[in-house]
Amino acid sequence: MQAQLRPVPQQHAQSYNQPPFQPAWWLRHAHLQTVFAKYLSPKHLINTEAEIFSLPDGDELQLNWLPADNATDTTPLLLLLHGLAGDINSHYIQAMLAQCQTLAWSAVMLHFRGCNGKPNKLPRAYHSGDTADVALVIKEITRRYPGRPLVAIGYSLGGNVLLKYCGEQAADNPLAAAIAVCPPLSLSACAKRINTGSSKLYQRYLLGRLKRSTLLKLQQFTEFPLPLTPEKVQGFASIEQFDEHYTAPIHGFLNAQDYYQKASAKAYLKHIAIPTLIIHANDDPFLSDEVIPQPAELNNHIHYELTRGGGHVGFVYGSPLKPKFWLSQRIPAFIKQQLIL
């Protein structure tokens, strides 16, 4: 089943000195773009230095650092935020780290709570609007590297978190620029979209990972603060059910819809006050039409690009023998343009 193609308004098709994305002729289907990007991406062997970052509530995050040789005060430092159930091994994270290595830029990848392969220390986890941890990490990075241009890149869920953070910070944002790739700006609509048609295949995969991490938590805590049992967790049939019974209550929301309304970044876009690039594909099988911001919801700081094809964090072009990944060119080009490198 072909993912729905959304029209690309002229004001949303700007290239900003870069050629517009053209999907590979042999990967024009949105699902092929989404799935094969993972398997076609070069297997980079990027060595990073892991750091356990302590949080005020007794929990911790893992940061993975990629230092740059001969870095100066003007060398960009990139903060990478992964998507739902992502980690350091996610293909898009590895691809960006490889680009940083090629460009001699520094980078640090933030694992959200419990995403580094080990359960975090509290019953809670992370969610699409959880900007507090990101704010603490950014504050610490700017303390350690005062004056360095810090740019954040968020993918999918990480993109929503990043844009919400930028809107909250408004004119006090310490970031030099931000990039959000395929952010689910309207969480309620996206939860419904991924529970329909062939998109259910992605939901099954993501939900399986969420269930496994939650089952580990039930084993980890003898007195769990929610009325959950392994049987109930295994019975969740959709992301929305999981959010209704775990994500929302464990993080202080009334229910899934309350969580979706308060955590969606779309309402925060108009407050963003730093150069920001948002990239969506018009055939993304994870996202509904409601994620596409209208011109009135944007401002002059935001460069919005809605590409013709690309799937969800796919954007593969080139020949079958030599596939290329558009994000690896588009993101650095935007950063160079904003930092005048």
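This is a predicted model: local features need pLDDT of at least 70, side-chain atom pairs count only at pLDDT 80 or more; totals for chains, interfaces and linings use all residues.
Two packed helices are described by the angle between their axes and the distance between the axes. For helix H6 (residues 200-220) and helix H8 (residues 239-250), that angle is about 25°, and the axes sit 10 Å apart. Angles under 35 degrees count as roughly parallel, so H6 and H8 are roughly parallel to each other. On the H6 side, the contact is made by Gln203, Leu206, Leu207, Leu210, Thr214 and Lys217, and these meet Ile239, Phe242 and Tyr246 of H8. Sorted by class, the residues of this contact come out as 6 nonpolar, 2 polar and 1 charged.

The pairing of H8 with helix H9 (residues 256-263) has its own geometry: here the axes come within 8 Å and cross at roughly 90°. H8 and H9 are therefore roughly perpendicular to each other. From H8, the residues involved are Ile239, Glu240, Asp243, Glu244, Thr247 and Ala248, while H9 brings in Ala256, Gln257, Tyr259 and Tyr260. This contact splits into 5 nonpolar, 2 polar and 3 charged residues. Ile239 turns up in the contact with H6 and also in the contact with H9.

Over at helix H1 (residues 30-40), the buried residues are Ala30, His31, Gln33, Thr34 and Ala37. Their packing partners are helix H2 (91-103), H6, strand S9 (316-318) and strand S10 (323-325).

Next come the nonpolar cores. The largest one has 62 residues, and the members that touch the most others are Leu79, Leu110, Phe112 and Leu175. Take leucine 110: leaving out neighbours within four places in sequence, its contacts are Leu61, Gln62, Leu63, Leu79, Leu80, Leu81, His82, Val134 and Val137. There is also a second, separate core of 32 residues, with Trp105, Ile179, Ala281 and Trp326 among them.

Asparagine 299 sits in the loop that links strand S7 (276-281) to strand S8 (302-307). Not counting residues up to four places away in sequence, asparagine 299 touches Leu269, Lys270, His271 and Ile272. Two backbone oxygens are worth a look here. The one on isoleucine 272 lies 2.9 Å from a polar atom of the asparagine 299 side chain, and the one on leucine 269 lies 3.5 Å from a polar atom of that side chain.

Isoleucine 302, in strand S8, also touches Leu269 and Ile272, along with Thr276 and Ile278, again not counting residues up to four places away. With 8% relative accessibility, isoleucine 302 counts as buried. Its C-alpha atom is 33 Å from that of isoleucine 250, a residue 52 places away along the chain.

Alanine 104 is not a glycine, yet its phi is positive, at about 60°. Alanine 104 belongs to the loop between H2 and strand S4 (106-111), and because its relative accessibility is 40%, alanine 104 counts as partly exposed. Valine 313 also has a positive phi without being a glycine, with a value near 50°. This residue lies in the loop between S8 and S9. Is valine 313 buried or exposed? At 4% relative accessibility, valine 313 counts as buried.

Technical notes
Residues are numbered from 1 along each chain as its sequence is written. Side-chain values use heavy atoms; hydrogens and water are left out. Axes are lines fitted to C-alpha atoms, for helices over the stretch in contact, and angles run from 0 to 180 degrees between N-to-C directions. Helices (H or I, at least four residues) and strands (E, at least two) are DSSP runs, numbered from the N terminus. Angles under 35 degrees count as roughly parallel, over 145 as roughly antiparallel, 65 to 115 as roughly perpendicular and the rest as oblique. Contact means heavy atoms within 4.5 Å. Ala, Val, Leu, Ile, Met, Phe, Trp, Tyr, Cys and Pro count as nonpolar, Asp, Glu, Lys and Arg as charged, and the others, Gly among them, as polar. A nonpolar core is a set of buried Ala, Val, Leu, Ile, Met, Phe, Trp, Tyr and Cys residues joined through side-chain atoms within 4.5 Å. Buried means under 20% relative accessible area, exposed over 50%, partly exposed in between (1.4 Å probe, protein chains only). A polar contact is a pair of N or O atoms within 3.5 Å; within protein, one must be able to donate a hydrogen and the other to accept it, and residues adjacent in sequence count only if both atoms are side-chain atoms.
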